[in-house]
Structures are given as structure tokens and as C-alpha cells.
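Dear colleague,

I am handing over the structure we spoke about, and below it you will find my notes on what was found. Please read them with the coordinates open beside you.

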Amino acid sequence: MDILLLVSIAQSILAATWRMATPLIYTAIGEIFTERSGVINIGLEGIMLIGALSGYVVTSYTDSLFLGISSAVLSGIISGLLFSLFTVTIKANQIVVGAAFNMIGTGLTGFIYRTLYSGGSTDKLVLDTFPSIKIPLLSDIPFFGEILFQQNLMVYATVVLVPLAAFILSKTAFGLYVKAVGEHPKAADTSGINVTLIRYISTTIGATLAALGGAYLSMAHANQFVEGIATGRGFIALAVVVFGRWSPWGAMGASLLFGVFYALQLRLQAMSGNVIPYQFLQVLPYLATLIVLVSLKGRGAEPKALGKPYKA
Amino acid sequence: MEDIVKTFPDTIANDGITIEVRSGEVHCLLGENGAGKTVLMSVLFGLYRPDSGRIIYKGESIQINSPKDAIKNRIGMVHQHFMLVPTLTVTQNVMLGQYAYTKILNNTDKVAERLREMSQQFGLDIDPCALISELSVGEQQRVEILKALYHGADLLILDEPTAVLTPQETTHLLGFLRQLVDNGLTIIFITHKLEEVMQVSDRVTVLRDGKVVATVDTVDTDPRELARFMVGRDVLMELTREATQPGPVVLSVKGLCVNDERGLPAVKGVSFDVREKEIVGIAGVSGNGQTELALALAGLTECTFDELALGGRPVMNVSPRKLFETGLVHIPEDRHKMGVVLPFTIAENIILEDYHCQPNSHHGFLNKRYISQHAVMLVEKFDIRASGINEELEHLSGGNQQKVVMARELDRKPRFLLVNQPTRGIDIGATEYIRQQILLQRDKNCAILLISTDLEEIFMLSDRILVIYEGQIIGEVPADRKLIEQVGLWMAGQRSTV
């Protein structure tokens, strides 16, 4: 194999890495806010599916990516408020409510998708997705140009999202309150912080970003909705949060790790022909990520009040 | 505060309480656990809403619906369990709740600077940039006080502030409080320790069962009278303890090392003996390895040692049940976690350790008749106040729960009794009773190891005192009250002798 071929393979894998990491970055950053405030939402998978479907449906009927994304955001806000209602106000068990969201998300999106799109013409099913934007000059840099500067808008947005999240958590009053509420809600309460409000906002931020992560899959990555399109990314995002030690930069690193493995298996699928069943290769990124995450688990950084409803 | 009433589903915590605190005084709120002191102050600080009654502050009737209102009215509170976020710095903790949610925090340095100045001005010696989790308990308490002062408190409420301090820290705190009062502050000091009342306060209000028993000027009263107000009858301030001649060694420990739950060394090679007819007290500030030492001796955690013998026979990491059979009895530090099963009845709790053997059960079936008779007998013998043997433990007061534990354990006729914090969180009446029971065991030839953070208790009961500091025994003295100063210094980690 000559060197040029190797370089081009490496280039395509690395270019796919960021794209594959993007939905995880959105979802995991959101979950960081949720968990830092002391709420654990394991229903991310379901919320990603809801976001993916609502973005897809609105875009396919209106042909507007903007309206599609807006509806994904709206579905995330509604999911987040509902989740908070059950877990913060009613104080139901967070794991049970999260599991319910996963089941409802899977079932409901499958049902609506089939109801709306079965028997129709197939050309309606495919969307015009977010286009790649080539950044002038930079995209012409050899090797790195394609990896970093020929992506679509939702991928580029992560460059803003991660530092913004880190800034909010470390430099704003809101971030300080979120951390206090997740560590020692009673101390926050006695300082005059509204624990319920902070948890509602944080949980809703989490659900909204998860819905965006889902919408990325149907609107920017693939060009249509497929039942179960999130394929376990909601659960990987939970692991990413732990590995990233509840910090946005850490979560981004862990997401990129998953992205590398995912891109690698795509490449292997293309190269191996039919020698290795593709199902085995598809398992690779999940398996590899989980093994790395488990062996390097983030110890001690977990918010103390995680998963515990607050009773004044 | 006038006529405050606060009820909870099962109890009336405050039953028409009226107290008056004068500006510029230290006012002690004295009472047993469950007398309603903390609830009353929580009402003042906005954590609870009273069912009725009103609060008049600086001549005006005010509504306090949340801690935020209290802070606005310049009322500060230092809670018994500190309200500090361990993963944040001192400055960040002080800044909590003071800003609109959307504000970008750009004045952190200014706040830290102001805190540094205040810390110097009051001699608090706090580094504003330190993480709370790196500070000692005493320092954390000073952070709480600093926090209240920073928010401009005129009225400072302290809820049992000395429970976690060494004698020296306590003296320092009490002196500091006087200094604050001289600077114009008013202080409400919640406690159940009589000596502190006498030392620090101008006036005292005594609460019992949610009602005010008396308000007196401190100079006009004495500890005996206050104790009578608190309990409602005369209390023995001193137990009569006769000197005994210790017998042969029962427990022998050499080079014991134990790790804590995080795997870090907590007990670092301690050696001591406990003899028959002897109470050995282990004094120390909480968190210096006492918990791990007790767990290891009770066979509940793994440990390494050069020698560990009970009754002359070596015991090597054996199961708790085996240890019971060699005559060890353990009264654990946290009765809720280890001593009792709260939703179980008194009778069920009494057979927790012996349910499997005669006469409690036969071929795997419980002998209900015997169990009931036995429980009735113990309830009577140990003066457990309950509606009957079928009352669940969670409905009993802390003192009665502890008496259930004592009844079960002492009924085993121990050769070696391991007692850890026997009277923590228990009212004076039950405390007195439990201490008498421990002394009684000594007179029955039992060897007793008493672990307690309550120095009064250690001096009252022990024959010999060992001081534990950071997992090591750093001193031993006979139980002579003249040596209390020395023990206090050891507890604070000073190795030199006076």
C-alpha cells in the first residue's frame, strides 16, 4: 500500500471523526448541565429520537431547515419540562422516568413516522440536509482542510458550544448555582437559590441539546429519518459524561474518541467487502468506547446529590 | 418571636413559644434534643413557615418566607450541619445566591479580597481561595460565620456550634463570639451543654417539649437549676464511680492498621490492652480513625495487625457472628445504619443477632411466644418508653432507640464491650441512664472500650484515657480531670506535654 493511499484513508477517517462525534457532543454537553444540577436523565436516547423526528417532519413539509431545527428545539424543551415535572416536582424515581422516556421516544417516533410516510412517494422521504460549508482559504490547506474546514453548520456549531458551556459553568452565577444545587442542594437553598428552578432549567437545557443531537442525525448526517436512528448514542452520551468528568472539554474529548472508532469501522466496512459481517464492525465503536470509558472511569467528580430528589 | 406554633404530621415541635432576644446580647437557647430549639430557629431563618405566631424584629413585625428574606433582614445562621458546598472555594460559597441567574461573575477577586480583609479583622484565619473540602471542621465553621458576617448579619444564630470542636477550638470560638457582641452583634446560641451556657451567655431560655420553661439571666442561675429546667427533674451531674482493681487483660491489640472506605490508611498501627473491670476511653475529634478502629474490632472491616487477641485467644479477621460467640459486644456509633432496623418492631430488633438459635427459633421457625415474653422483660428492665413491644423503632425517640440497642447487647452478658458514641444525639435523661448501664457492666467484670468525641463523657466514665489523632494513639493519661487540658491539646494534634 503506498503512502498516498494511507494518507487519504487517514484523512477520510479523521474528517468523519468530528462528524460522528457531533451528536454526542450536543447530547453529552446537555447532560452535563442536567447532572451537574443533581438530576440524571437516562432518557437521552428517547429524546434524541423525538428531536430527530420532529426536525425531520417539519423540514420535509416546509422545506425549511430553520423551521426544522426550531421544532427540534421546541420538542426538546417540552421533553425537558415534562422530565422535570416528573422528577423535580413530583419527585418520581429518575431512572424509571428516564426509562419511560426511552420507551416512549422509540415507540412514538416509530408510530408517527409510519403513519405519516407509509405508502407515499419515496422522493418525499429524502431531505436537503445542511450543506458542507467550505471555509475559504482554510479549506484548501492540504490534509487538514478537509478534516476541519469542510463541515456543515451543525458540526461547526460545536466549536462554539463547548467553550460556551465551559464558560457558563465556571464564570457565571448560573453555573455556580447549578454546581451548588447538584452538590449540596440544602446549602444552595439556605443561600436563597431556587433549587427547583435551577433543576428545571438545567434539565431542559439537557433535553434540548439531546433533541438537537438527534436532529443532527436526521437533518445533517443522514438525509432522512429511520426508526431508531439514534442507535444507542443516547446511552454512549451518558458514558461520555462520566468519562469527561462532568466537564464540557472532557466530554468533547470522549465524544471524539467515539467518533474515531465510528469512522474507522465505516472505513473497514468499505474495505473488507463481505469478508467480515458488517454487524460485527458496527459494534466496534460502542465496544471500544465502553472499554476505554470503563477502564478510565471518572472517579470522585460525580455530583454528590446526583439522582436524589430534594426535599426542603 | 411571639407565640410561635409549628406542627409536623406527628408532633408539635413548637407549642406557642415566645422568646425575646435583646440587641447586643448572647442569648442561649437550651434544651434537650427534640425540645424544638432548631425548629424555632429554622422558623426565624425562613426554612419553615410557622402555623401561627409572629416575628417582631427591630420593632417591626416581619414576614420571613425563605432564607433569602432572612438574609435581607440581616439574620445569619450557622447550621449544625454546615451549609457549604465542598467542591467550591470559600469565595464561591459566599457568593452563592447573591446574584441574578444570568450574571457573569467578574467580581470574584473583589469578593475574595474583602473576605481576606474581614478574615484578618476578626482573626478568623481563612484563605478565601481554599476549597471547602480541604478545610478542617473548625475552619469550615469559621467560613460559615464569615459568610454570615459578609452578608451583613446583625443577628447571628449558631446551632450547636461546639459539637464538632476540640476543647481549644471551643474556647476560641466562645471568646470570638464575645468579641462579635462587643462589635454590636446579637447572637442566639443553641446548645444542650450547660458549661457553655454558663461561659458565654447573657441570658438563657430553656425549652422543653416545644414550650418555654424559663428565661433567666445567666448570672442568676447555676447548671443544676438549668438541668432541672431542661429535664423536668433533678439530674445527677456526676456519676458516682468507685475505683476498681482491673483484672487480667481481655483485649490485646498490637500494631493494628485499618484502611477507610476509600482505601486510605485511617488507623496507623495502634496498640493497647483492655482489662477486666476497666473502662478505657478513646478520646479524639471525630474523623481521626475512631470509626475504622471500632469496625475493625467488631470484625466488620478488614485490617492488619501484629497481634489481636480476645480473652487470650487470637482472633484473625473472623466473622462478626464468631466474635459475638467469643463474648464481644458492639454498640455501634450510628444506630440507624448499624444498630437497628428502623421499620422493624422492638421485639424484632431484639432478636436481630440471635434469631437463628434456641430459644428464639426452632428448626427455622420463630418462637413468637418466647420472643414476646423476652422483649417485654427487656423493655421493662431497660426502661424503654414505648407503647408496646410491637411498636416500630422509627417511632421511638433517639434515646429509646439506643436503649433498645443496649438491651439487646447487654443481655448477651458481654466479656468485652465495645461502645462507640453511646450518647450522641440523645437527651440528658437517657444519657444518664445509658452511662449508668455502662458503669454497671464494668462492675460485672466486663472489659470496656469506650470511644467518644464527648470529652465530658470520656472523663466521667473511663479509668484510663487514650487519645487518638490521625489514626495514632498519641497519649495516655489516667482519668483525672486536672488533665483535661492535656487531653485537649493531644486531640488537636500537639504531641508535646505541658
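In chain A of this predicted model, 77% of the contacts with a separation of 6 or more are made by residues 24 or more positions apart. The chain contains 12 helices and two strands, which follow one another from the N terminus as α-α-α-α-β-α-β-α-α-α-α-α-α-α. Its radius of gyration of 20 Å agrees with the value near 20 Å that a compact globule of 312 residues would have, and its C-alpha trace spans about 65 × 45 × 40 Å along the principal axes. Of the 312 residues in chain A, 54% are buried, while carbon and sulfur atoms account for 71% of an accessible surface of about 13,700 Å².

Turning to charges, the structure holds 23 salt bridges over all chains. In chain B, Arg464(B) pairs with Glu278(B), with 2.8 Å between the closest N and O atoms; because Arg464(B) lies in strand β22 and Glu278(B) in strand β13, this pair ties together parts that are 186 residues apart in sequence. Arg464(B) counts as buried at 19% relative accessibility, as does Glu278(B) at 4%.

A salt bridge also joins Asp15(B) to Lys211(B) at 3.4 Å, N to O, and so links strands β2 and β10 of chain B, 196 residues apart in sequence. Here Asp15(B) is partly exposed, at 31%, and Lys211(B) is likewise partly exposed, at 45%. Finally, Glu20(B), Arg22(B), Glu25(B) and Arg203(B) are connected in a network of salt bridges.

Note on methods
Residues are numbered from 1 along each chain as its sequence is written. Chains are lettered from A and ligands numbered from 1 in the order in which they are written. This is a predicted model: local features need pLDDT of at least 70, side-chain atom pairs count only at pLDDT 80 or more; totals for chains, interfaces and linings use all residues. Side-chain values use heavy atoms; hydrogens and water are left out. Helices (H or I, at least four residues) and strands (E, at least two) are DSSP runs, numbered from the N terminus. The radius of gyration is taken over C-alpha atoms; the globule rule is 2.2 Å times the number of residues to the power 0.38. Buried means under 20% relative accessible area, exposed over 50%, partly exposed in between (1.4 Å probe, protein chains only). Contact means heavy atoms within 4.5 Å. Accessible areas come from the Shrake-Rupley method with a 1.4 Å probe; for residues, only the protein chains shown count as cover. A salt bridge is a side-chain nitrogen of Lys or Arg within 4 Å of a carboxyl oxygen of Asp or Glu.
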